[in-house]
Amino acid sequence: MALKNLLALVVLLGVVGVSFGGDLYEGYYRYNNCPQMEDIVRNVTYHYIYKDPTLAAALLRMHFHDCFVRGCDGSVLIKSPNNDAERDAIPNLSLRGYEVVDTVKSVLESECPGVVSCADILALVARDAVLAIKGPWWPVPLGRRDGRVSNISEANLPSPFANVTTLKKNFADKGLNTKDLVVLSAGAHTIGVSSCGLISSRIYNFTGKGDSDPAMNPNYVAELKKRCQPTDVTTSVDMDPTSVDKFDSHYFNAVAEKKGLFISDSTLLDDWETNLYIQKQVLLNGFYFNKDFSDSMVKLGFVGVLTGDQGEIRNQCDRVN
């Protein structure tokens, strides 16, 4: 009965449109000249994820990178002829999945031209991509406008080499708390891959003396060395060593076992609050992880949004009007 009531509530919220604060609300386009918008986004996204499930992690990462620079305004999508936009910054050079957003935008421009923002498309695509690989659902209030500015110099994203103090400040500056940090920084690493280039110094020359990072499990270091030769910067490495294709809480177990791939993951054991959250997820086998992830994604989607007369609705996502 509880599940039945929950499903009924979800349907009701989708029908009437629900505000989560400010000018964003679910069902926004049902009342703003593009009622088929969410169906189009879902269908196109599922089409791409069916062909390449690894795009789910890529699109989730793109949304995160967008929101952390100038807010969730689609500025990471903008191309620059001078290679000086956000997407040209080093942390964003490995982003992929732009074609999904561009295809959704093209279809929507045919159906309801000049109505749907690229920022909203990216927020929905990220959710639907995760849902397509059987990850959690979360509400995506809509009504964002697109930014007109994208500067490479502003792409100061949380670093995989950062310590926990720096990470807590990074997230606090965006109005996100410590739980959001652990959930979005480490929890999201349950899917996706990185490259040998980002971990080479951790496993081969951590202090410049040919050593490995003592914060890493020695057995895990040995496994990584089999995958990554000292000069290899391109080979991919699964972020979650045992369930990279499944959206679950297992990466917290990996971090607790000192198998966090990045310094930014391992350092979460250095702070009592972040460590406590990790241990709770391990103890409870991730019982609350999907809900926590959903809650944090909703909060992330409100960071620095443009609404009303701010910004614009781009005709193409990779350029301003």
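How much area do domain 1 and domain 2 bury between them? About 1,000 Å², with 79% of it on carbon and sulfur atoms. Buried area here is the accessible area (1.4 Å probe) that two parts lose on being put together, summed over both.

Quick housekeeping: this is a predicted model, where local features need pLDDT of at least 70, side-chain atom pairs count only at pLDDT 80 or more, and totals for chains, interfaces and linings use all residues. Residues are numbered from 1 along each chain as its sequence is written, and side-chain values use heavy atoms, with hydrogens and water left out.

Okay, the layout. Domain 1 covers 36–157 and domain 2 covers 164–296, with bounds from an automatic or database domain assignment. Their C-alpha centres sit 24 Å apart.

What about salt bridges, meaning a side-chain nitrogen of Lys or Arg within 4 Å of a carboxyl oxygen of Asp or Glu? Between the two domains the count is 0.

Now Pro158. UniProt, in an unreviewed entry, puts a "binding site" feature there; such annotations may be inferred rather than shown by experiment, and positions follow the numbering used here, with feature names shortened. Leaving aside neighbours within four places in sequence, Pro158 is in contact with Phe64, Phe68, Leu167, Asn170 and Phe171.

Notes
Contact means heavy atoms within 4.5 Å.
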